[in-house]
Structures are given as structure tokens and as C-alpha cells.
Amino acid sequence: MLRLDARNTHAFLADDALAKLQPTTLDAHRAVLDASGAGAEYLGWRDLLLDPNDALLEDLTSTATRIRNQADVLVCLGIGGSYLGARAVIDALTPYFPPGEPEGGRGPEIVFGGHHMSGAYVRQLLAHLEGKSVYVNVISKSGTTLETALAFRLVRDWMEAHFDDAEDRIIVTTDPERGALNALRQEKPYKKYVIPPSVGGRFSVLTPVGLLPIAVAGIDIRSLFYGAVQACQDLHTPAPVDHPALTYAALRTGLLQAGYQIEVLATFEPRLNGFGGWWQQLYGESEGKEHKGLFPAVVQYSTDLHSLGQYMQEGQRILMETFLMVEEDGGDLLVPSTAANLDGLNYLAGQTYTHVNRQAYEGTAKAHTEGGVPNLTLWLGAVNPSTVGEVIYFFEHAVAVSGYLLEVNPFNQPGVEAYKQEMFRLLRRPA
Ligand code: PA5
């Protein structure tokens, strides 16, 4: 179970602020449960947890095993919700420095593409693939996203030029019927996984969008999925008003109402950096509309205390901060003692790295509170597939509730079309 420590918000909110927000928070929570709020046709991310498809999990695991056995590299092409979740989970749950070569049981290298329009990147990616056994998972609900479609055109040509069995090495993850990838499949019978139409991109990490690459990375997708199932079931009653996800939604809404404009998600574990990217899209795209919403920013401490720490402490007082912390960070080190103590670090001798990192967090939370930055901390017991599944659902449910508190539709993204129209006009795309 996740634990939320909100003590460092108290001084920044009226005494009764949380109590006043609780009735509307419960209403918003009920609107999620009974699908009575705006955009309710996009609540498929809950439905898939309430009625788990074990056969799909098995099928994905078996495809992943085939790829793990045969590939040196899996290229995942996708952007936004079609890649951020997979990247977040893979970063969180795989070693920083994977041991050995692929044939040593490490599994294939997983590289991402189609998430920007850098020709240099694609050129270097194709060069990197030379001489390797390559599989491709192209992930696009619409099939028409330019970044992904363009990269796929080049990667597909490369695959066809390099492998007689290219068709067996390409897997598409897309809408059940619509879009360019389905049109392509009429000629090329690529294996296909489906993104349910009722699941928006940023909520799709627990569909094949995220689950196939995550399984190829050797992660137990069943534990991941069922961690989220458990979290969903824990929130599937109308009245847990003090549930951490509802408290989180209420507090950040209260702070927004109190004039804070930016929420900074801060981690003290580099493996959770990718998670910040996923969270940023989830919250930015769900809430940033009708000129409303907290702007979601991400920092990785203690690294960024040496760059953004000054602003956090003394810049404009429009920031609130959410720390994503881990009780057990896994694999600790003791600081050794040295006889000469020339670096002056013997005062830390015998302490664990975790202890030092923890004091950095405690010190930061205190300094930021005193500097006028309200902050709260979400504690995970450990980073494993089940807890990562749990935290995914935590943030998904909380943003749905938060969006309703903000009185926006948390499930659409009308604003992302504007730049595309201008870009396609400049590129002279036919109507
Ligand atoms: O959350 C979203 O809807 C977006 O980030 C999409 O996932 C992203 O634009 C990619 O779209 P598509 O999967 O259609 O290529």
C-alpha cells in the first residue's frame, strides 16, 4: 500500500481546506466509479483492470519470450502515451548496467524511436542495428502520428532489406480497425495487438502498448498488472475519503486554488526518472485545458538540486512539490572508513548510501517547506512490478479525480491538434 505524507502542506492551506474539498473529491471519485463524468467513454483503463484478460497476458508473455530468444534488439516506435509508460516501467525495473551480452540471458536491448523527428537519430539507429537480429514493435493508436509513421517507413524498409522474414519480426500495436497500420496490414500480415478504443494513449501502459515492450525487457507483466488490479479494487468503493489517491487529488487542487501553479515531481532514485516523464504527460494532458491546471514539471534529486535547487528554494513562490520516494531502494552500500580521511568523509563511515540519500531528501523537504514550497511525499515500499503497477493506478485514478475537481474532461486532448494543423499546412499535406 502506498503511503502519502502531507504534513508539509499544512502550513500552506487553511485549516479546513482539506475538509472543505472532501465532499467534492468524493463526488469526483464517484463520477469515476459510476462513469458519470465527462469523457466517461474513455474509462477503459479501469475496465481492463476490473475484468483482467489473463489470456492476453499469456499471449504477450509468449510473444515476448520469442523476441527475447531471437532478438538482439527490439525497436519500439511510438510517441507520447505510446512509449512513455513502457520506458518508465522498463527504467524502473531493469538494472542500470545490464549484465553480460544478450546471449548471456540479458534479453534484447530495447531502443525507442519514432518519438521525435530527428533524422540524425534514425540514421544512427539504423547504423546501430547493422549485423544484429532485430524485431520491431510499432505502437500507434491512430497510425497517423507523423513522428512514428515516418520512422516506421524507414525502419520497415531497412527490415525488408535485411531480413527475409521481416513480416514475422514486425509487430503492430494499434486501434482494432481504424488507421494506417491496419491499412498496411492488409498487405503485410504483421502480428497485431489492439489498443482498446476506450483507453487514451496516456492511460495505455497496462495494455499491449506498454506490456509487450515491458515483457520483452524480462519484467513480470502479470505482477505489474495485478499490482494495478489490487490498487483499482482498493479504490472501488465510494467512500475511502482518506485514501492516499483521493487525498493527493484534493491537496493538489487545494494548493492550485491557493495560487500554486506548478507541481514539481521529484525523485531521489534515477531509476524513477522515466516515471516522471510518464506522470508529466498524464497530468499535463489530462488537466492543462480551458486555461486551467497545475503545470507538471519533473526533477531528479539530488542531481537537480545542483541546477534547479536555487529556483526551488528562492524563485517565484508558485511551486508545490511531490516527492516520489522508496522505502527500500534495493542493493545498498556502506561508506567505508579510511585511515587518513583526506576527503573528510569519515563522518559518514559505516552509514549506508540509502541513509545519506534519505537525509538529502529530509533536508530538502524541510528547506523547501521553510522556503515556501508546500510538499508532499508518496512512499512506495519498494520498486518491484507489483508496486509499480500500484503506483501507475494511483496516479491514473488521482488525475481522473483531480480533473473532475478542476471541472475539465480529463480524458481528451483537444489542444494537441493545433500545432499539427500548422505543421501539416507547412508540409503541404493533402487534405
Ligand atoms: O496520450 C495521447 O493520446 C498521446 O500522447 C498519444 O499517445 C500520442 O500522440 C501518440 O498517438 P498515437 O498512438 O495515435 O500515435
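View 1. Among contacts in the chain (heavy atoms within 4.5 Å) between residues at least 6 apart in sequence, 80% join residues at least 24 apart. This is a predicted model, in which local features need pLDDT of at least 70 and side-chain atom pairs count only at pLDDT 80 or more, while totals for chains, interfaces and linings use all residues. Residues are numbered from 1 along each chain as its sequence is written, and side-chain values use heavy atoms, with hydrogens and water left out. The chain holds 16 helices and 10 strands; these are DSSP runs numbered from the N terminus, with helices (H or I) of at least four residues and strands (E) of at least two. Its radius of gyration is 23 Å, close to the 22 Å that the globule rule gives for 431 residues, so the chain is as compact as a globular protein of that length. Here the radius is taken over C-alpha atoms, and the rule is 2.2 Å times the number of residues to the power 0.38. Along its principal axes, the C-alpha trace spans about 65 × 65 × 45 Å.

View 2. Let's follow the strands in order: S3-S2-S4-S5-S6, with parallel pairing. Two strands pair if DSSP finds at least two bridges between them. Strand S3 (109–113) and strand S6 (191–194) stand at the edges with a single partner strand each, so one side of each is left without a neighbour in the sheet. From one strand to the next, the twist averages 20 degrees. Strands S4 (residues 134–139) and S5 (residues 170–174) pair in the parallel sense over four bridges, and valine 136 has isoleucine 170 in S5 as its bridge partner. Helix H6 (residues 146–162) packs on the sheet, where it touches strand S2 (73–77), S4 and S5, and its direction makes about 155 degrees with that of S4. Such angles run from 0 to 180 degrees between N-to-C directions, with axes fitted to C-alpha atoms, for helices over the stretch in contact.

**View 3. Strand S9 between its pairing partners.** Eight of the 10 residues of strand S9 (residues 319–328) are buried, so S9 is largely enclosed by the rest of the structure. Buried means under 20% relative accessible area, exposed over 50% and partly exposed in between, using a 1.4 Å probe and protein chains only. Strand S7 (residues 262–267) pairs with S9 in the parallel sense over six bridges, with leucine 265 opposite threonine 322. Strand S10 (residues 375–382) also pairs with S9 in the parallel sense, over seven bridges; there, tryptophan 379 is the bridge partner of methionine 325.

**View 4. Aromatic neighbours.** The structure holds 23 aromatic pairs. The rings of tryptophan 279 and tyrosine 283 have centres 5.4 Å apart and planes at 25 degrees, so this pair is stacked. Rings of Phe, Tyr and Trp (its six-membered ring) pair if their centres lie within 6.5 Å, and planes under 30 degrees apart count as stacked, over 60 as edge-to-face and the rest as tilted. Tryptophan 279 and tyrosine 283 are both buried. Elsewhere, ring pairs link Trp45, Phe203, Tyr393, Tyr404 and Phe411 into a cluster.

**View 5. Threonine 253 in helix H11.** Look for threonine 253 in helix H11 (residues 244–257). At 7% relative accessibility, threonine 253 counts as buried. Leaving aside neighbours within four places in sequence, threonine 253 is in contact with Leu21, Ser402 and Leu405.
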